[in-house]
Amino acid sequence: MRNASQGPIAWRSELWGSPLRALATVLLLALLAWGGFHAIEWGVVHAVFQPDAEACRAVQHGACWGVVAEKWRPMLFGRFPYEEQWRPAIAVAVLSAVTVLSAWPRSWRWWLAPLWVAALLLFVLLMRGGVAGLAHVPTSRWGGLPLTIGLAVVGLALAFPLALLLALGRRSGWPVVRTLCASYIELVRGVPLISVLFMASFLLPLLWPAGWQPDVLVRVLAGLTLFVAAYLAEIVRGGLQAVPRGQTEVAMALGFGRWPVQRDIVLPQALRLVVPALTNSVVGTLKDTSLVTVVGLFELTGALGLALGGDPTWRPFYLEGYLFIAAVYWALCFGLSRYSVWLERRLGEGTR
């Protein structure tokens with residue numbers, strides 16, 4: 001017998017199960033139809049798709065997607081030299097390919113770490129240049145999608161090991177270690193990310209010796225890493241607490257050491273339990289990279305401002321530009337959410 005909580009039966013019950021629900025469904029469908037009709041009319045029927053500013057101005061009730069056709073390169077690559085933009089395109093492709101490969105559980109082998117090191121070195125080489133005949137491009141001219149992807153991926157890669165140590169330290173039996181880890185986590189979580197970025201960009205240089213200061217991108221990446229690590233640590237700690245203590249006691253009674261128990265028994269189960277929460281944090285970090293604009297780094301949203309702000313011809317069409325950037329963010333975040341569902345299902349099947 002089919003379960004009534006699944007499939008079309010459940011949908012019919014939820015949408016038409018009572019007069020009140022039926023009325024709400026009709027009103028909602030009518031609202032969606034009205035909104036969809038006007039959206040299609042504005043975004044497709046009366047829209048201008050060619051990079052023709054005069055045609056865009058002549059259309060009163062239609063979108064000007066021509067701004068995307070005209071400005072997509074500065075939107076995606078910011079102030080990177082136009083003739084050298086093949087370099088950030090390849091850099092993003094390499095980093096994305098390694099990230100996708102790392103998402104496949106069968107690739108979780110020893111060679112993944114050196115592969116990541118090679119990919120990051122290639123990313124920096126392509127972006128910065130100065131060797132192998134590549135023109136040098138300072139980090140102040142990096143921007144757009146490469147900067148967004150680079151900050152999110154590298155920041156999370158550096159933050160996760162620190163988060164594991166903080167989560168384990170907060171559960172440590174040593175009061176000093178437990179207090180230090182808890183103090184760090186609560187201190188960082190008690191301030192907004194924008195203040196951390198300001199301190200990393202403007203306050204931290206005052207503490208370094210004169211004449212030697214890390215690059216602003218390095219400082220921002222360090223601030224982002226320390227901030228994200230505090231949130232990831234609490235997620236991991238929640239997973240650790242969900243693992244029954246009896247498993248640890250039994251393993252140690254069988255002769256396992258404390259660290260092997262954590263590495264081989266507790267942590268794999270804890271991380272499996274918190275996959276949705278980790279994905280949520282990853283999505284949040286990806287979107288939080290937009291805040292680096294306030295310290296002079298122009299990622300996707302900042303690159304949009306640069307692309308349109310200084311061009312009076314295309315400046316009136318910010319809405320279409322923001323919709324394009326929103327579509328890029330949505331594609332990245334939706335892909336992460338779908339991967340989370342797949343990984344959660346796969347890991348769940350592996351425990352049966």
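Biologist: How far apart are the end C-alpha atoms of residues 216–236, and how much of the span is helix?
Modeller: They lie 30 Å apart, and the span is 100% helix and 0% strand. Helices here are DSSP runs of H or I with at least four residues, strands are runs of E with at least two, and both are numbered from the N terminus. This is a predicted model, where local features need pLDDT of at least 70, side-chain atom pairs count only at pLDDT 80 or more, and totals for chains, interfaces and linings use all residues. Residues are numbered from 1 along each chain as its sequence is written, and side-chain values use heavy atoms, without hydrogens and water.

Biologist: Which residues does helix H10 cover, and what is its reach?
Modeller: H10 runs over residues 216–242, 27 residues in total. From first C-alpha to last, H10 reaches 40 Å, close to the expected 39 Å (1.5 Å times one less than the number of residues).

Biologist: Is H10 largely enclosed or open, and why?
Modeller: H10 is largely enclosed by the rest of the structure, because 19 of its 27 residues are buried (under 20% relative accessible area; exposed is over 50%, partly exposed in between, with a 1.4 Å probe and protein chains only).

Biologist: Switching topic: where is Trp 34, and is it buried or exposed?
Modeller: Trp 34 sits in helix H2. It counts as exposed because its relative accessibility is 55%.

Biologist: What does UniProt annotate on residues 291–310?
Modeller: The unreviewed entry lists 291–310 among its "transmembrane region" spans, which also include 216–236. Such annotations may be inferred rather than shown by experiment.

Biologist: And how much helix is in residues 291–310?
Modeller: That stretch is 50% helix and 10% strand, with end C-alpha atoms 21 Å apart.
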